[in-house]
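Here is a brief report on one protein model. Please look over the sequence and structure first, then read on.

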Amino acid sequence: MDLQANVLRQLKSRREGFSLEQPFYIDQDYFKLDMEQIWYRDWLFIGHDCEIPRAGNYFTAQVGDYPIVMVRGKDQVIRAFHNTCRHRGHRVCTSDRGASAKLVCPYHNWTYDLDGSLVFARQMGETFDKNEFGLKPVHCESVAGYIFICLANEPADFAPVRASIEPYMKPHRLSEAKVAHRSTIIEKGNWKLVWENNRECYHCAGNHPELCRTYPEAPTATGVQGAGDDPVIAEHWARCEAAGLPSTFKIDPSGQFRTARMPLIQDAESYTLSGKRAVRCPLSDDVSTSHIGTMLLFHYPSTWNHILVDHAISFRVTPLSAEETAVTTTWLVHKDAVEGVDYDLKELTHVWEMTNDQDRSIVEENAFGIRSPAYEPGPYSVEHEGGVMQFVDWYTTFMINRLQGDKARLSAVA
Ligand code: FES
Ligand SMILES: [Fe+2]
């Protein structure tokens, strides 16, 4: 049986409310299918506008086999390109980030404008037409300080994502924030295990002593299970909405992205050991209300986020192989906040540095156990793991639709 048919059969006959079968977490071919059907076809969060504040600022990223470069043009528009030279394919930008008036390939110095057009290629002969060899564009959208890219030739409509998340994010003015810190960790586990771990707090009390000082362990905190029925959350939403901050739980019908502003424990305002703000100046000049909790945004498959009153934390998921995933965490503060004056970097980052490392260890042990031939899918807790079930349901439905769509297209051609 061919791989696609096998995957389709397994997903369709999956025992609902149970984790996936072993190959979804460890098999190279299944991983390749995830990359082709999801990562190379859908919108992915790739970084923040404020990482490239001036014309000529760029940063690079790797998505599976694709090296990409994001660059701000002279017209201030942020564009993304395939970071592969149109001469003989050398990477044009070889550093993680930088600033340059033009993008110059180090191999033979072919030179591209910030809009991707080729402007210089030495001694290529009279018939050579530079217009034919601009950098290949990648679909790119910037919304409320978040840059999304899509590698598909024909991307899914981005309008619903924009319409849904922009009102929640805009008050926080992240497009003009400042990166206080960035860290990338490698977790030796499949990208879906990283997500499954993220989508529940059933494990928090036993594993995250620092985070649990401020983040509620209650299942309603993930904003999936009966959040609106919880009087504390309902009151929090009403108060924040009255202050002009969209807050209620909102999920796309496909289940791919969700926004919700959730309260922290008691008087906590930030992810610090004391619960007090880590940054003296608020993140946004437009948000003066206190105790706004955390604005939670996830967008499968690439990002989850916490936006607080004094800082924001974004998480970017990058699958590296069937059993390796990179997680990049970025801490954003007000652009004028000064390290050592307005915030102490250690205090700002401590809770999530610890939490990330604890989650890494959990994911790695989870992956370890799943590798056993004795592993079989196990039941999720309906009370605590509704978020995980939602993620796995999204993955299952999304893959079934993609694989059936491919089959329909192939039979139409045949
Ligand atoms: S490969 Fe880029 S200039 Fe030759
Ligand atoms: Fe965790």
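This is a predicted model: local features need pLDDT of at least 70, side-chain atom pairs count only at pLDDT 80 or more; totals for chains, interfaces and linings use all residues.

β15 (residues 303-307) and β16 (residues 312-321) run antiparallel and are joined by five bridges. A hairpin through four residues connects β15 to β16.

The hairpin from β14 to β15 passes through three residues.

These strands are part of an open, antiparallel sheet of seven strands, ordered β11-β17-β16-β15-β14-β13-β12. The edges are β11 (178-187) and β12 (250-251); each has a single partner strand, so one side of each lacks a neighbour in the sheet.

How much of β15 is buried? Five of its five residues are buried. In a regular strand, side chains alternate between the two faces of the sheet. Both faces of β15 are covered. T303, N305 and I307 are buried on one side, and W304 and H306 on the other.

Helix α5 (residues 191-198) lies across β11, β14 (294-299), β15, β16 and β17 (324-333). The helix runs at about 30° to β15.

## Aromatic pairs

The structure holds 27 aromatic pairs. Two of them are set out below.

| Pair | Geometry | Centre to centre | Angle between planes |
|---|---|---|---|
| W195 and F298 | edge-to-face | 6.3 Å | 75° |
| Y300 and F391 | edge-to-face | 5.0 Å | 75° |

Both pairs in the table link distant parts of the chain. W195 sits in helix α5 and F298 in strand β14, 103 residues apart. W195 and F298 are both buried. Y300 lies in the loop between β14 and β15, while F391 is in helix α9 (residues 386-413), 91 residues away. Y300 is buried, with a relative accessible area of 0%. F391 counts as buried too, at 1% relative accessibility.

H208 lies in the loop between α6 (204-207) and α7 (231-242), and D359 in helix α8 (residues 345-370), so the pair ties together parts that are 151 residues apart in sequence. Both residues are buried: H208 has a relative accessible area of 1%, and D359 has one of 12%.

A61 has I68 in β3 as its bridge partner. The hairpin between β2 and β3 has two residues between the strands, and G64 in the turn has a positive phi of about 60°.

R72 stands opposite I78 in β4. Five residues separate the strands of this hairpin, where Q76 takes a positive phi near 75°.

Why is β3 described as largely enclosed by the rest of the structure? Six of its seven residues are buried, so the strand is largely enclosed.

## A three-stranded sheet

Three strands form another open sheet, in the order β6-β7-β8, with antiparallel pairing. Its edge strands are β6 (103-104) and β8 (118-120); each has a single partner strand, so one side of each has no neighbour in the sheet. Two bridges join β6 to strand β7 (residues 111-112). L103 has Y112 in β7 as its bridge partner.

Technical notes:
Residues are numbered from 1 along each chain as its sequence is written. Chains are lettered from A and ligands numbered from 1 in the order in which they are written. Side-chain values use heavy atoms; hydrogens and water are left out. Two strands pair if DSSP finds at least two bridges between them. Contact means heavy atoms within 4.5 Å. Axes are lines fitted to C-alpha atoms, for helices over the stretch in contact, and angles run from 0 to 180 degrees between N-to-C directions. Buried means under 20% relative accessible area, exposed over 50%, partly exposed in between (1.4 Å probe, protein chains only). Rings of Phe, Tyr and Trp (its six-membered ring) pair if their centres lie within 6.5 Å; planes under 30 degrees apart count as stacked, over 60 as edge-to-face and the rest as tilted.
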